[in-house]
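Have a look at the screen, and I'll walk you through a few spots.

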Amino acid sequence: MSIKGKCAIIGYGETEFVKSKNSGNRSNYTEQCNAAKLAIEDAGLDKSDIDGLIAICPLDQKSSWTMDLVEYLQLYPKFLDNLYFGGASGNAAILYAAAAISSGLCNNVLLVGGSVMDTKQAYEHGLEDTVDFERDFDTIYGPMLDNSAYALIKQRYKYEFNAKEEQFARVVVNARYHASKFPNALLKNLVAVKDVLDSRIICDPIHLFEIVMPCTGGCALILTSAEMAKNSKNKPVYLLGGGQSFDRGMWTPVYGNNPSITTSPVKLAAKQAFAMSDLKITDMDFVQLYDCFTITVVISLEDIGCCEKGEGAEFVEKTDLTYKGALPLNTDGGQLGRGQPYGGCHFMHAIEAARQLMGRAGELQVKEAKFGLVNGNGGSMANQCTLIFGNDIP
């Protein structure tokens with residue numbers, strides 16, 4: 001049984017993104033609860049209408065977070081989930097919520113994430129909370145979390161395909177261009193290729209501007225059945241296809257069917273999503289790709305079918321990726337332009353897809369947008385979840 005067209009996003013909410021040092025009295029609870037309130041109000045629902053909840057646990061909290069949040073919000077859900085796949089968590093949560101709604105377990109699912117986040121916190125909790133086999137046999141002998149893991153992938157990609165640093169920098173230039181026009185973005189200053197290359201090397205060959213900046217913020221959205229979405233005050237954004245794929249160690253390629261670290265599980269996840277939707281990449285009016293690093297975007301563009309393997313860096317260089325261009329990419333600025341609020345970042349790309357398909361993107365609106373792809377990426381491109389959305393059911 002397919003979930004194509006069975007569910008729709010009818011509302012969303014975001015708190016103000018701020019640098020960690022400016023967080024003041026904000027907390028993990030304030031970010032998720034305020035984002036939830038905004039999403040419920042945007043959907044035109046009452047809190048009592050929410051009978052399902054999936055929350056992304058902040059990095060410094062324990063696995064009981066979702067239950068704690070239920071009590072804090074005073075919800076009475078019939079469906080509750082707490083999942084973690086890194087940056088693929090948000091898309092996976094939407095996919096699982098759709099399955100729950102389609103099977104009759106619940107009607108209106110609140111999906112929420114967000115936190116007060118900084119780099120120190122990430123490293124304090126990221127290693128000690130890792131499962132035993134990763135901590136003992138993977139992480140200590142390989143990359144130490146994100147920066148060095150993605151540096152390894154980028155270095156190998158450059159070696160295999162002769163990609164140039166100037167080409168990767170184009171991803172940042174595009175992100176900052178969109179962020180400069182997006183109200184809730186932190187990195188609004190425009191940059192040129194030279195600025196990216198002049199930013200200091202953090203982990204060779206990755207420059208500072210190629211890496212997301214942790215920040216404080218929260219994001220939430222409401223998913224409901226297609227039938228109930230007919231009465232929504234907002235234009236429904238239907239989930240048309242979805243796919244997941246796992247094929248790699250969380251931080252190092254210690255197992256997997258594909259020995260290459262320059263081909264990611266996006267390839268299979270996107271194939272599944274397109275097959276379910278009966279659409280193809282050329283039908284997409286935009287793509288919202290998880291962009292924790294520039295190399296993530298380049299490889300994802302290849303593996304969702306925009307170009308052949310090894311041509312991603314050249315594709316970025318030669319294609320107009322702005323909201324007015326041939327393939328609008330991360331039209332709100334993405335994480336490289338807006339910052340990365342842990343948990344909230346998992347839903348950012350889906351919310352921007354909903355914003356575009358509802359026709360609410362303002363100056364950054366993609367003209368006559370009808371279909372869009374959203375990809376979530378976890379670990380060092382270790383697991384992926386790809387979703388296809390549309391404001392119509394083909």
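**A walk around the model**

Let's start with Leu 190, which is found in the loop between helix 7 (165–179) and helix 8 (193–198). Quick word on names: helices (H or I, at least four residues) and strands (E, at least two) are DSSP runs, numbered from the N terminus. And before I go on, this is a predicted model: local features need pLDDT of at least 70, side-chain atom pairs count only at pLDDT 80 or more, and totals for chains, interfaces and linings use all residues. Residues are numbered from 1 along each chain as its sequence is written, and side-chain values use heavy atoms, with hydrogens and water left out.

Is Leu 190 buried or exposed? Leu 190 has a relative accessible area of 57%, so it is exposed. The cut-offs are these: buried means under 20% relative accessible area, exposed means over 50%, and partly exposed is in between, with a 1.4 Å probe and protein chains only. If you leave aside the neighbours within four places in sequence, Leu 190 is in contact with Arg 176, Tyr 177 and Ser 180, where contact means heavy atoms within 4.5 Å. Now compare Leu 190 with Val 18: they are 172 residues apart in sequence and, C-alpha to C-alpha, 18 Å apart in space.

Here's another pair like that. Asp 247 sits in the loop between strand 9 and helix 10 (266–277). From Leu 208, Asp 247 is 39 residues away in sequence and 28 Å away in space, again C-alpha to C-alpha. Asp 247 has 15% relative accessibility, so it counts as buried.

Next, two helices. Helix 1 (residues 28–42) packs against helix 2 (residues 65–73) at an angle of about 65 degrees, and their axes are 11 Å apart. Those axes are lines fitted to C-alpha atoms, for helices over the stretch in contact, and the angles run from 0 to 180 degrees between N-to-C directions. Who makes the contact? On the helix 1 side we have Asn 28, Tyr 29, Gln 32 and Cys 33, and on the helix 2 side Trp 65, Asp 68, Leu 69, Tyr 72 and Leu 73.

Strand 3 runs parallel to strand 4 (residues 79–81), and three bridges join them. Two strands pair, by the way, if DSSP finds at least two bridges between them. Gly 52 has Phe 79 as its bridge partner in strand 4. Strand 3 is also parallel to strand 5 (residues 108–115), with four bridges, and there Leu 53 has Leu 110 as its bridge partner.

Which two residues does a cis peptide bond join? That would be Asp 204 and Pro 205, with omega about 15 degrees. Pro 205 is in the loop between strand 6 (201–203) and strand 7 (206–207).

Glu 368 has a phi near 55 degrees, and Glu 368 lies in the loop between helix 14 (345–357) and strand 12 (371–378). Met 381 also has a phi near 55 degrees, and Met 381 is in the loop between strand 12 and strand 13 (383–390).

Why is strand 13 described as largely enclosed by the rest of the structure? Because eight of its eight residues are buried. Asn 383, Cys 385, Leu 387 and Phe 389 point one way, and Gln 384, Thr 386, Ile 388 and Gly 390 the other. Strand 13 has antiparallel partners: strand 9 (residues 237–246), joined by eight bridges, and strand 12, also over eight bridges. Gly 243 has Thr 386 as its bridge partner, and Val 374 stands opposite Leu 387. In the hairpin of strand 12 and strand 13, there are four residues between the strands, and Gly 379 takes a positive phi near 65 degrees.

That's my tour, so over to you.
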